Amino acid sequence: MLYFSRWKALAIVVLSAIICLMVVPSLLSPTAFEKLPGFLQRKIVLGLDLQGGSYIVLEVQQNDVRQMRLTQLRDDSRRLLRDAKIGFSNVAIQGDAVIVRVREANDGDAALAKLRELAQPIGGVMAGGGQLDTDVSLSGDTIRIAPSAAGLQARTIQAVSQSIEIIRKRIDQLGTTEPSIQRQGADRIQVQVPGLQDPSRLKALLGQTAQLTFRLVDTSVNAQQALQGRPPAGTDILYSQDNPPQPYVIEQRVLVAGEDLTDAQPSFDPQTREPVVTFRFNTNGARRFAEATQANVGRPFAIILDNHVISAPVIREPILGGSGQISGNFSVQQANDLAILLRAGALPVPLQVVEERTVGPGLGADSIQAGLVASIVGAVLVALFMIATYGLFGVIAVVAVAVNVGMIFGILAMLGATLTLPGIAGVVLTVGIAVDSNVLIYERIREEARAGRSAISAIDAGFSRALATILDSNITTFIAAAVLFYVGSGPVRGFAITFGIGIVTTVFTAFTLTRLMAAVWVRWKRPQRVPI
Amino acid sequence: MRLLRIVPDDTKFDFMRFRRISFPISALLSIVALVAFMTVGLNFGIDFKGGTLLEVRYPNNTLNIADVRSKLESLELGEVQIQEIGSDGEVLIRVAQQPGGEQAQQAVVGKVRTALGDAVEYRRVEVVGPRVSQELLSYGIVGLIAAVFCILVYLWFRFEWQFALGASIANFHDIVLTIGFMAIFRIDFDLTSVAALLTILGYSLNDTIVIYDRIREMLRRYKKMPIDELLNASINSTLSRSVITHVTVTLALLSLVLFGGRAIHSFSVTMMFGVVLVGTYTSIFIASPLLIYLGVTTRTMAEKDAEAKTAKAEGKPATGKPARP
């Protein structure tokens, strides 16, 4: 057990040194870090609990996905039936389906055939056409169109992917460093933004769908009357954001939507000096807006954001230039954020915040301080105790544990892992446990010496017998760490990572470095007596 | 230099006799823990209960708890806990989960911020909605069960079933006592507590296995020794290691408890209890004597070895390298 070939000894020392040195890039200043070659640009990321920042989990509600899909199906059904010249008396959303009533009962089959086109194989035609995303069925003169459960699931996943893109664009506009936006499960998005003082603006930016539409106001009925009875077919009653909110009867048909914007900027109205958002349409949007305004001079149209009427100006003359402005009693900040939202585009569905954790920079700095002090105090106490107990062998143990801790940070850097406060606790605990491997070895050596072995043979036997125990006992602890890694989130995962890595490096140093140092000492000193 | 030696060489303490005391004590403590868990219950943090937590600092001695309380009470947010922490003008505010789904939870932070104003430092804000807290709780429970199961399977492969069973009973006992401790002392039970429980589990097992390893070795070597005597000898010969490791872990944990900061305080305290007080006691006074009741005898080992020998004879011959001098 005490024999090492020269190559093996060299390999152990070099490997340990390299792993420890991997931590160096993390200690460099950002500019020096940039100058490193690419494969060395790996460093430990401080968790949000240490550097301060916001962690927000957003969720796509399946109900919203269903509503979105139903609205789509309703509009598409109307268009299909109109194009096929099939008369219908009603197309409306009822519960979780779109119900279509054809005017002539014998048109039922033709309408059914046409509306079946709405159902698409899940995952696109290329996916091998398994299940359909929509169920279409006919009974009597009514056709029921309902999104299938699997179809909704697929659309939820798709909505999450689209939302991630849009959220990224929105957050990039905030100019914070290194935000992280990740999918979490089927219907969640995890957003981590370091170094933010007040997350309320971030939440406001994430929480808005920002669906902008331009639609005509139906002036054939008075809004108050429409509220009493039923609004005319093909219209909705929407409210303004005034206090108290004003109702408007708005046509469901969309003239132009937010997708057709190419740019939006905050600015000031030259006459009233109040903050407004100016926007520009793309060619398609400009053409449609020009046509709509030409045909409806004298009528009011509404600018609608997320089902709220922002303003409803009267069209005085056709707007042909393809640009315009939105005014709505904004503050400068509101105008600015609205411009960001419009530039980034609308979310396919609303997102709901289901979890939020924000740590201010002050607490983060305090936690780093606390972690540092605890680590240093812990390490010094353990080192002193080990040296008091085992003398020279105690020094060997302390060196091994120091290398061990260096390697933990080196591996963390290589993995680009996140260091959290519980993670630091994991390192401190590893220090406590890593010396255990040395204790096991040394106690075994003592025992073997007491049993009458010569010094060298006792040291040899001590190592070989103790190493089996070290392996066994550490594997069980590692299992606990691995489970923790899978079930934990955030800071707890940070603990599992450092603790798990710590167990691996502990076993590694016990088998290599500690043994090597003891072997070198034995060869040099040729001891007659076990020194512990 | 004279080296520190806590446990004298050749200690021969009759641990096995203590099982007549330690077993009833453990049984009693476990019952107390279970009763505390059922009646007082765990002090669930917002991770598992949902709700809002704010840590706020009033600069330059401007903290007036009564004022904070009256401001928050006027918001009518239901159950609100206000707790002064440290001496630096810091307050911990906990607002129970609001009725009305996810959005209602989000509104709480805005209301509290308007009530307290901008002159204070918001050091920490956490909001956990009802769905997430439900999931975190079930993940925590699943995690604990999965860990116990995985470890059991490993032990079963590595040792005999008696050892696996003994270790798991001992571990279950550790977890029950720790949970009882958390219930009685009203320690926040949150995600980090699950981490603490799992670490206690891993650590206590680590300890148990070191002793079991020695028992197994002794069983192979001394085929004629009575089991009581053999267990005693095993524990005594590993006692020095148990005590020394115990001290180092205690030192590491002590520095975490004293200097590690509030964010991990409940974690450190729980670990201190579980590892330092319970873990080692269990390995020595519970896990090892249990083997007697589980019917471990020197024959157990002999049978196992015979089995291994026949298996080896049937398979290919051993190809171990000769030992180096």
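## Helix H14 of chain A

Helices (H or I, at least four residues) and strands (E, at least two) are DSSP runs, numbered from the N terminus. The model is predicted: local features need pLDDT of at least 70, side-chain atom pairs count only at pLDDT 80 or more, and totals for chains, interfaces and linings use all residues. Residues are numbered from 1 along each chain as its sequence is written, while chains are lettered from A and ligands numbered from 1 in the order in which they are written.

Of the 30 residues of H14(A), 28 are buried, so H14(A) is largely enclosed by the rest of the structure. A residue is buried if 20 or more other C-beta atoms, placed from the backbone, lie within 10 Å of its own; it is exposed if 12 or fewer do, and partly exposed in between. Just after H14(A), Gly452(A) takes a positive phi of about 105°.

## Overall form of chain A

Chain A has 16 helices and 19 strands. Its C-alpha trace spans about 110 × 60 × 40 Å along the principal axes. The radius of gyration of chain A is 34 Å, whereas a compact globule of 532 residues would have one near 24 Å. This radius is taken over C-alpha atoms, and the globule rule is 2.2 Å times the number of residues to the power 0.38.

Buried residues account for 44% of the 532 residues in chain A. Among contacts in chain A between residues at least 6 apart in sequence, 68% join residues at least 24 apart. Two residues are in contact if their C-beta atoms, placed from the backbone, lie within 7 Å.

## Strand pairing within chain A

Two strands pair if DSSP finds at least two bridges between them. Strands S5 (residues 134-139) and S6 (residues 142-147) of chain A pair in the antiparallel sense over 6 bridges, and Thr134(A) has Pro147(A) in S6(A) as its bridge partner. The hairpin of S5(A) and S6(A) has 2 residues between the strands, and Gly140(A) there takes a positive phi near 65°.

Strand S16 (residues 308-311) of chain A pairs in the parallel sense with strand S10 (residues 235-240) of chain A over 2 bridges, with Ser240(A) opposite Val309(A). S16(A) also runs antiparallel to strand S15 (residues 301-305) of chain A, to which 3 bridges join it; here Leu305(A) stands opposite His308(A). S15(A) and S16(A) form a hairpin with 2 residues between them, and Asp306(A) in the turn has a positive phi of about 50°.

## Contact between chains A and B

The contact takes 63 residues from chain A and 63 residues from chain B. On the side of chain A that touches chain B, the elements giving two or more residues are strand S18 (351-359) and helices H12 (361-390), H14 (421-450), H15 (455-487) and H16 (490-525). H12(A) gives the most, with 16 residues.

S18(A) and strand S5 (residues 121-128) of chain B pair in the antiparallel sense over 5 bridges, with Glu355(A) opposite Val128(B).
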